[in-house]
Amino acid sequence: MGSATTRALATTTAELKAAKVSDLTVARELFTAAREIAESAQLSGALSSWGAPAAARAQVARTVFAGFGATSVQLVASAVSQRWSSTEDLIAGIEELAIRAAAIGAPDADIEGELFQIARTVAANPELELALGSRLGDASAKGALIEKLFSGRTSEATTLIASQLVQQPRERRVRALLNRALDLVADERGRTVATVRVAAAPDAAQQQRLAEALRARYGSDVTVNVVVDPEVLGGMRVEIGDDVIDGTVSSRINDLRQRLAG
């Protein structure tokens with residue numbers, strides 16, 4: 001990520017936090033803006049012509065997206081008035097705003113946990129992953145497939161994020177899209193995401209104690225996503241950011257084997 005994009009993201013994210021977002025309307029409109037900019041070479045060119053005055057680019061956005069609500073129009077106009085490292089970064093930046101807006105607009109939804117489960121479902125079903133990730137598939141059909149599979153099983157916010165992302169992958173793998181969205185939602189809510197691999201699923205009390213221990217260690221609330229993996233045998237492996245805490249029986253057995261072999 002270039003320094004220009006880093007600054008642009010910081011500015012637009014701050015504006016989103018200051019905006020009034022009370023439902024998913026802003027998220028829907030921002031996703032639509034990102035898709036329309038990505039699909040139109042003429043529009044993306046006009047909005048990312050860094051040689052043109054920022055006010056002129058913002059005015060183009062206000063005109064094109066005049067049908068949106070005032071908050072969405074202002075956020076898109078602000079985004080295009082920034083200087084980004086590339087047109088792709090501009091589109092990705094608006095998409096990031098959409099994901100964060102969904103997190104703000106649905107504060108009670110377990111978006112992180114639900115996105116994790118969707119990603120796990122995709123990973124466990126190669127045919128589904130192929131259908132969602134194929135370059136040949138119709139974009140709207142991919143979104144409809146997500147809605148058919150997960151509406152009623154996940155919150156409206158989660159279904160919105162997942163269905164929108166699979167329609168505009170832009171050379172990105174489906175699981176990577178979902179995991180990135182999960183991280184953005186957690187960041188918006190001031191949390192850290194931990195993936196815990198265990199041989200058997202912990203009960204609610206055990207999971208809560210683990211979350212509290214990780215919060216004490218990392219200084220922030222932690223969303224714990226559990227992966228049941230029989231190969232673990234016992235104990236657990238915790239992945240949080242770049243840190244890995246491996247206390248599994250299988251790991252200790254491997255260590256012992258290496259010592260005996262050495």
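**Reading the helices of a predicted model**

Biologist: In helix α8, residues 126-133, which residues are buried?

Modeller: Leu128, Glu129 and Leu132 are the buried ones in α8. Buried stands for under 20% relative accessible area, exposed for over 50% and partly exposed for anything in between, with a 1.4 Å probe and protein chains only. This is a predicted model, where local features need pLDDT of at least 70, side-chain atom pairs count only at pLDDT 80 or more, and totals for chains, interfaces and linings use all residues. Residues are numbered from 1 along each chain as its sequence is written, and side-chain values use heavy atoms, leaving out hydrogens and water.

Biologist: What makes the buried residues of α8 line one face of the helix?

Modeller: Looking down the axis of α8, they fall within an arc of 100°, so they line one face; the arc is taken from the directions that run from the helix axis to the C-beta atoms. Pro126, Glu127 and Leu130 lie on the other side of α8 and are exposed. The buried residues pack against α7 (111-124), α9 (139-150), α10 (156-167) and α11 (174-188).

Biologist: How many helices and strands does the protein chain have?

Modeller: There are 13 helices and four strands. Both are DSSP runs numbered from the N terminus: H or I with at least four residues for helices, E with at least two for strands.

Biologist: Why is α1 called roughly antiparallel to α5?

Modeller: The axes of α1 (residues 3-18) and α5 (residues 70-81) cross at roughly 165° and come within 9 Å. Such axes are lines fitted to C-alpha atoms, for helices over the stretch in contact, with angles from 0 to 180 degrees between N-to-C directions. Over 145 degrees counts as roughly antiparallel, under 35 as roughly parallel, 65 to 115 as roughly perpendicular and the rest as oblique. The crossing angle therefore makes α1 roughly antiparallel to α5.

Biologist: Which residues make that contact between α1 and α5?

Modeller: Thr12, Glu15 and Leu16 come from α1, while Gln74, Leu75, Ser78 and Ala79 come from α5. Contact here is heavy atoms within 4.5 Å. The residues divide into three nonpolar, three polar and one charged. Ala, Val, Leu, Ile, Met, Phe, Trp, Tyr, Cys and Pro count as nonpolar, Asp, Glu, Lys and Arg as charged, and the others, Gly among them, as polar.

Biologist: How do you know that α6 is roughly antiparallel to α10?

Modeller: The axes of α6 (residues 87-105) and α10 cross at roughly 165° and come within 9 Å, which makes the pair roughly antiparallel. Glu95, Ile99 and Ala102 in α6 meet Ala157, Ile161 and Leu165 in α10. This contact divides into five nonpolar, no polar and one charged.

Biologist: How much of the protein chain counts as buried?

Modeller: Of its 262 residues, 45% do.
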